[in-house]
Amino acid sequence: MLIAVVSAKGSPGVSVSALAWTLTWSRPVILVECDPRGGDFVVGYAHSQAGQGRDLLAVHMATQRGAAMSTALRDQVLQLGTDRWLLAGVPEPQQAERLDWTRLGRTLSTLEIDVIADCGAVSAISAPRQVWSAADLVLLATRSTASAVRAAQLAIPRLRSDLNELGMGSDRLGVALIDAGHPYSKAEIAAALSPKGADEVPIVTELPLDVRVAGYLSSGVKVIGNKIFDGSKFASAARRSGLEILTRGVKLRESTDEVNAFGAAKAPYPANGVRSGGMS
Ligand SMILES: Nc1ncnc2c1ncn2[C@@H]1O[C@H](COP(=O)(O)OP(=O)(O)O)[C@@H](O)[C@H]1O
Ligand SMILES: [Mg+2]
């Protein structure tokens, strides 16, 4: 299952949310930092593991030398905990131009482990379009202010057309709403993002505002005022939210499987030309 998380404008909390879901995900998972503007986690939450040169650029170089991408990915991840890993992003933004996002998207969507891809801003230079297009579910992260909702409205047509042209269809798009009610409510935002007559972009999940825990997830430093994540209310909210995301992803997957199975069931002849009842 590949879950891609993107933002429309500003910094609504894609990286913090993706990390919070990763740390509480109910199954083994890899967080892959695809933000082309450069990796944040190795200078933040995972700073104690920095300096090993294990990142997306190293994956790229290994594949240039002929390695299978799935093997290169496995070799380059950093461990975040039991059954959860991080693949850090490129150290510098210019390096993102060299990456083969198409191959990465294809590989991530076929791994046997769940992947949460932090894809950064939709309009970034060298944005990983092919990664979000390959996803089972794309979550557009947004806050609840007027400018955030306006930016989300503008990003939706672009994401929908990417999913229709390159991916599994625009029903794969959903919203992760951060800090609902400040000032606009979930219902108001849902109405603004799915006006009457337009296809619905559902609000799949929500996360609350928690400046102190988010500060810790951003920096990885327990400075005064920051609260650690484990055991926090924010961690419980992330766990619940992760289950909502997984449920939506599984439902979308099942709908694709059904369509594929329908094709097989309607095949005019049994495989290999052998008619049912066996060979006589
Ligand atoms: N749920 C949240 N509650 C409070 N602050 C948050 C939350 N999510 C993110 N932040 C803060 O917002 C800022 C941007 O977060 P980040 O995840 O880096 O955004 P993005 O990846 O979208 O650019 C950081 O200072 C982070 O601590
Ligand atoms: Mg980020």
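Analyst: Helix α6 passes α7 in a right-handed crossing, meaning that the near helix is turned clockwise from the far one by less than a right angle. Helices (H or I, at least four residues) and strands (E, at least two) are DSSP runs numbered from the N terminus. This is a predicted model, in which local features need pLDDT of at least 70 and side-chain atom pairs count only at pLDDT 80 or more, while totals for chains, interfaces and linings use all residues. Residues are numbered from 1 along each chain as its sequence is written, with chains lettered from A and ligands numbered from 1 in the order in which they are written.

User: At what angle do α6 and α7 pack?

Analyst: Helix α6, residues 146–166, and helix α7, residues 186–193, pack at about 35 degrees with their axes 10 Å apart; the axes are lines fitted to C-alpha atoms over the stretch in contact, and angles run from 0 to 180 degrees between N-to-C directions.

User: And which residues make the contact?

Analyst: Val149, Ala152, Gln153 and Ile156 of α6 meet Ile189, Ala192 and Leu193 of α7, where contact means C-beta atoms, placed from the backbone, within 7 Å.

User: New topic: how many helices and strands are in the chain?

Analyst: The chain has nine helices and eight strands, and its C-alpha trace spans about 80 × 50 × 35 Å along the principal axes. Among contacts between residues at least 6 apart in sequence, 77% join residues at least 24 apart.

User: What share of the residues is buried?

Analyst: Buried residues (20 or more other C-beta atoms within 10 Å of their own; exposed means 12 or fewer, partly exposed in between) make up 44% of the 280 residues. In α1, eleven of the eleven residues are buried, including Trp21 and Leu23.

User: Which residue has a positive phi although it is not a glycine?

Analyst: Asp83 has a phi of about 65 degrees, and this residue lies in the loop between β3 (78–81) and β4 (84–87). Asp83 is exposed, because 12 other C-beta atoms lie within 10 Å. Asp179 also has a positive phi, near 65 degrees, and is found in the loop between β7 and α7. Asp179 counts as partly exposed, because 17 C-beta neighbours lie inside 10 Å.

User: Where is the peptide bond that is cis?

Analyst: The cis bond runs from His182 to Pro183, with omega near 5 degrees, and Pro183 is in the loop between β7 (173–178) and α7. Most peptide bonds are trans, and most residues other than glycine have a negative phi.

Terms used:
Two residues are in contact if their C-beta atoms, placed from the backbone, lie within 7 Å.
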